[in-house]
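Hi everyone, thanks for making the time. Have a look at the model on the screen, and I'll walk you through a few spots in it.

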Amino acid sequence: KSSGAVPFASLVALLLLWFGVSVPLVFVGAYCGYSKPAYEVPVKINPIPRQIPRQPSYMNPWLVCLFAGVMPFGAVYTELFFVMTSVWRHQFYYLFGFMIIELLILVVTCAEISISVVYFQLAVEDYRWWWRSFLASGSSAVYVFLYACSFFSSKLHIVQFVPTLMYFGYMSLVSFAFFLMTGAVGTVACFHFCRVIYGSIKVD
């Protein structure tokens, strides 16, 4: 009799969506992944790691990744305000077309900033680019979470413990998902970039 109870028909619909859509898509994705050939690198890899020369101070990985994350965050800063206002202040959001454009700008920015970081890293003979390509664009999630803290203190009037915990719990999950998404874009872009530049090298 509770007004907050979920109807039985809705539970059945959710189960049908889960077993009828999500589960088959998992098997289809697994089949497509296993049937595709593995990526091949264009050059042979030396089994003996090459000695990395002393790096300049401005190539500190933590500083580089921290400053590189500013650009992707700046690309979505304005849109992030409208989305958070819609979610946490119960206002209507109409700019879905603009959000798609912002998503494309974010993807391009993440790819460009990660490729730039990896290019300068390879220029100083540091070949360990995998994690730096991920963290260069993924570090923008730090600024997303800091913006969420600023939004909480300036725009919301929450004083109870449980709503505060719920807000920061959800925003932590959003920031982590943003970290994974932007980092994946940067890593894939750098992988294809390295395949192109090393594939153009003529080795006798």
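Let me start with a term: contact, or cover, here means heavy atoms within 4.5 Å. This is a predicted model, where local features need pLDDT of at least 70, side-chain atom pairs count only at pLDDT 80 or more, and totals for chains, interfaces and linings use all residues. Residues are numbered from 1 along each chain as its sequence is written, and side-chain values use heavy atoms, with hydrogens and water left out.

First stop, helix α2. Helices are DSSP runs of H or I with at least four residues, numbered from the N terminus. Which residues are buried in α2, residues 61-68? They are Val64, Cys65 and Ala68; buried means under 20% relative accessible area, exposed over 50%, and partly exposed in between, with a 1.4 Å probe and protein chains only. Looking down the axis of α2, the buried residues fall within an arc of 95 degrees, so they line one face of the helix. That arc is taken from the directions from the helix axis to the C-beta atoms. An α-helix has 3.6 residues a turn, so residues three or four places apart point the same way. Trp62 and Phe67 are exposed on the other side of α2. The cover over the buried residues of α2 includes α3 (70-88), α4 (96-123) and α5 (130-138).

Now over to α4, where we find valine 118. Is valine 118 buried or exposed? Valine 118 counts as buried because its relative accessibility is 0%. Not counting residues up to four places away in sequence, valine 118 touches Trp129, Ser133, Cys190 and Cys194.

Last stop: serine 175, in helix α7, residues 161-199. With 6% relative accessibility, serine 175 also counts as buried. A polar atom of the serine 175 side chain sits 2.8 Å from the backbone oxygen of methionine 171. Neighbours within four places in sequence aside, serine 175 is in contact with Ala141, Val144 and Phe145.

That's my tour, so over to you for discussion.

Note on methods: Helix = DSSP H or I, 4+ residues; strand = E, 2+ residues; numbered from the N terminus. Polar contact = N/O pair within 3.5 Å; in protein donor to acceptor, adjacent residues only side chain to side chain.
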